[in-house]
Amino acid sequence: MDKFNTLTSIAAPMPLVNIDTDMIIPKQFLKTIQRSGLGKNLFDEMRFDDNGNEIPDFVLNQPAYRQAQILVAGDNFGCGSSREHAPWALLDFGIRCVISTSFADIFYNNCFKNGILPIVLPQDQVDVLMDDARKGENARISIDLESQTVTSADGQQFHFEIDPFKKHCLLNGLDDIGLTLEKVSSIDSFEKQASQSRPWV
Amino acid sequence: MTVAKTLYDKIWDAHVVHEDKDGTCLLYIDRHLVHEVTSPQAFEGLRMTGRTVRAPEKTIAVPDHNVPTTPDRENGIENPESRIQVDALDRNAREFGVNYYPVNDIRQGIVHIVGPEQGWTLPGMTVVCGDSHTATHGAFGALAHGIGTSEVEHVLATQTLIQQKSKNMKVEITGSLRPGVTAKDITLSVIGVTGTAGGTGYVIEYCGQAIRELSMEGRMTVCNMAIEGGARAGLIAPDEKTFEYVKGRPHAPKGAQWDAALAWWKTLKSDDDAHWDKVITLRGEDIAPVVTWGTSPEDVLPITANVPAAEDFAGGKVDAVRRALDYMGLKPGQKLTDIEIDTVFIGSCTNGRIEDLRAAAAILKGKKIKPGLRAMVVPGSGLVRAQAEDEGLAQIFIDAGFEWRLAGCSMCLAMNPDQLSPGERCAATSNRNFEGRQGRGGRTHLMSPGMAAAAAITGRLTDVREVMTESA
């Protein structure tokens, strides 16, 4: 997993609320047995017409946003299915950070496993950043994970909260299976004790 | 004096392997369910790192999302990508030695129906699966939730998950449901109140007389859609109905172990003075048969209502409703019962159990679907299908004009050939009405099995109570 420290980028505005994982990556692309290569199908049904041609109005088809590494999105981004194909597709397209007023739980967790930083901010701050995003190449948003700040194009700084463990893993690009396996003796003793107290499991 | 705890607190506490100073916990996982779509990359990850499955005996694999549901499926899967995914599960299950129900095993079915049916799901357990509808298993008083593929790999390798504890929400449904109102109407009505983000950060415990009065099948329907309300999990405290359902299942404890398990299970309920971070109460008598009109499960109204206007909403929802009405091809003010449908889908992990098929068959008995309509029943498992055939339900569906399919997820998410065409409108007993969910451009209205059966007869969204009156 790639580390995440700082990021400065154009942001793509997606103010629609309840953007679900079926929108992010429709089911026909879940048949892959790999993690890579899904970027070309990101937001497929919003991005391409029935003949596979780009829909010019869609934000990521506009020249300014093709290189965006940040999405500023409406409330409850990533709701629906648990498919990790959603963050895989975002990452493969080049998105490293999504900013919203809230995220669906499973999507939020999946982001951290893939080096994507989801940032929750209050509505008024997301509004400022959404305005920045709408300015395309004329406005860049900066993120500093270490100091937990987002800086708008005109220099306003917003602090965001993040779980310390998730932050640590993201800053260092850590594989958490490796970290958990360091605690294997705790797992062994839990299993031993549980085999006494709940032998039917 | 001990601190009062919720049911969630109790199950959580019983599974903490390790707690860091910042509250991050390593939680032990008792059951890991696996299907073909979200697992291939996880098994591949194990291979690449030389890791193994820590507890194959606690891991259960079954293909469900991609499998065709037509009778010719024993000849193999035509779609090459689907076939590769199902074959990959087959290879992984055998190589890593996990419990496995292959496509042509009669016990095969939707993972969330197979788990309880086989007695893998038991009260007080932690249950995870790379599938958001894992919440279903909460009906047994098990802490059950969906995970992503990286977490699937983590559970395979360590039998644990790194977790932060959620907050406690109580959803109480008082009194009794009126005739024609079902578990599906409860769970959709709750989402109508909370919104699809209302449960974010919480584990919900459903309680109250109306919940107690539900069968285990109904309770699974309620918990199944906890995720659609944004909650990490939904729970219902186990009771005599739970124990009765579990007893004698292939993987349920037997003999002295049953007695020991039962003694613990009976302690699995929230203490009277437990703390709740949020409480929602609905009167069972106030819940009507409902349908969804939009593209989010929160877009729910009683069947007697009219299609709303974007202006009826506030904030970001105004644009979302405008988009939804356009996508759904509906006009504000239109009566919901005037909406004509093309297709009926009865099935899914929400409503693919025997009781759901009984409810739909009761409405359809001696009737025909509207000519020209496409209608299918997809039982949730091979065993549900066999039971429905034994009970004569299959013949009722076939006589009415329904296709009688083999088990799988089918048109709930349309990864197999069962899909809607652009503009095709479906009365569905599934769980998501998202844009494109059942096929690109497809229009989904969510409802109970009885409501779907009623719609099949009239060819439009229909108040099941009217059809029930006719039958009486």
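**Chat about a two-chain predicted model**

Q: What does B:Cys412 touch, not counting residues up to four places away in sequence?
A: B:Gly347, B:Ser348, B:Ser430 and B:Asn431 are what B:Cys412 touches once those sequence neighbours are set aside. Contact here means that the C-beta atoms of two residues, placed from the backbone, lie within 7 Å.

Q: Before we go on, what kind of model is this?
A: A predicted one: local features need pLDDT of at least 70 and side-chain atom pairs count only at pLDDT 80 or more, while totals for chains, interfaces and linings use all residues. Residues are numbered from 1 along each chain as its sequence is written, with chains lettered from A and ligands numbered from 1 in the order in which they are written.

Q: Thanks. Where does B:Cys412 lie?
A: In the loop between strand E17 (403–404) and strand E18 (425–428) of chain B. Helices (H or I, at least four residues) and strands (E, at least two) are DSSP runs, numbered from the N terminus.

Q: Buried or exposed, that B:Cys412?
A: Buried, because 29 other C-beta atoms lie within 10 Å. The cut-offs: 20 or more other C-beta atoms within 10 Å of a residue's own makes it buried, 12 or fewer exposed, in between partly exposed, with C-beta atoms placed from the backbone.

Q: Which residues does the UniProt "binding site" annotation cover?
A: B:Cys349, B:Cys409 and B:Cys412, according to an unreviewed UniProt entry. They span 64 residues in sequence, but no two of their C-alpha atoms are more than 8.7 Å apart, so they gather at one spot. UniProt positions are given in the numbering used here, feature names are shortened, and annotations may be inferred rather than shown by experiment.

Q: And where does B:Cys349 lie?
A: B:Cys349 lies in helix H12 (residues 348–351) of chain B. B:Cys349 counts as buried because it has 28 other C-beta atoms within 10 Å. Leaving aside neighbours within four places in sequence, its contacts include B:His112, B:His133, B:Asn224 and B:Gly380.

Q: Switching topic: how is chain B divided into domains?
A: Domain 1 is 10–165 + 240–263, domain 2 is 167–238 + 270–286, and domain 3 is 291–471. Those bounds come from an automatic or database domain assignment.

Q: How many residues of domain 2 of chain B are in contact with domain 3 of chain B?
A: 19 residues of domain 2 of chain B, meeting 21 residues of domain 3 of chain B. On the domain 2 side, helix H6 (183–194) and helix H8 (216–224) of chain B are the elements giving two or more residues. H6(B) gives the most to that side, with 6 residues.

Q: How many residues of chain B are in contact with chain A?
A: 58 residues of chain B contact 46 residues of chain A. H5(B) gives the most to the chain B side, with 6 residues. The residues of that side divide into 19 nonpolar, 25 polar and 14 charged. Nonpolar covers Ala, Val, Leu, Ile, Met, Phe, Trp, Tyr, Cys and Pro; charged covers Asp, Glu, Lys and Arg; the others, Gly among them, are polar.

Q: How many residues has the largest nonpolar core?
A: 208 residues, and those with the most contacts inside it include A:Val72, B:Val344 and B:Ala456. Such a core is a set of buried Ala, Val, Leu, Ile, Met, Phe, Trp, Tyr and Cys residues joined through C-beta atoms within 7 Å. Setting aside neighbours within four places in sequence, B:Ala456 contacts B:Val344 and B:Leu364, among others.

Q: How many residues of helix H13 of chain B are buried?
A: 8 of its 11 residues (354–364), so H13 of chain B is mostly covered. B:Leu364 is one of the buried ones. Just after H13(B), B:Gly366 takes a positive phi of about 75°.
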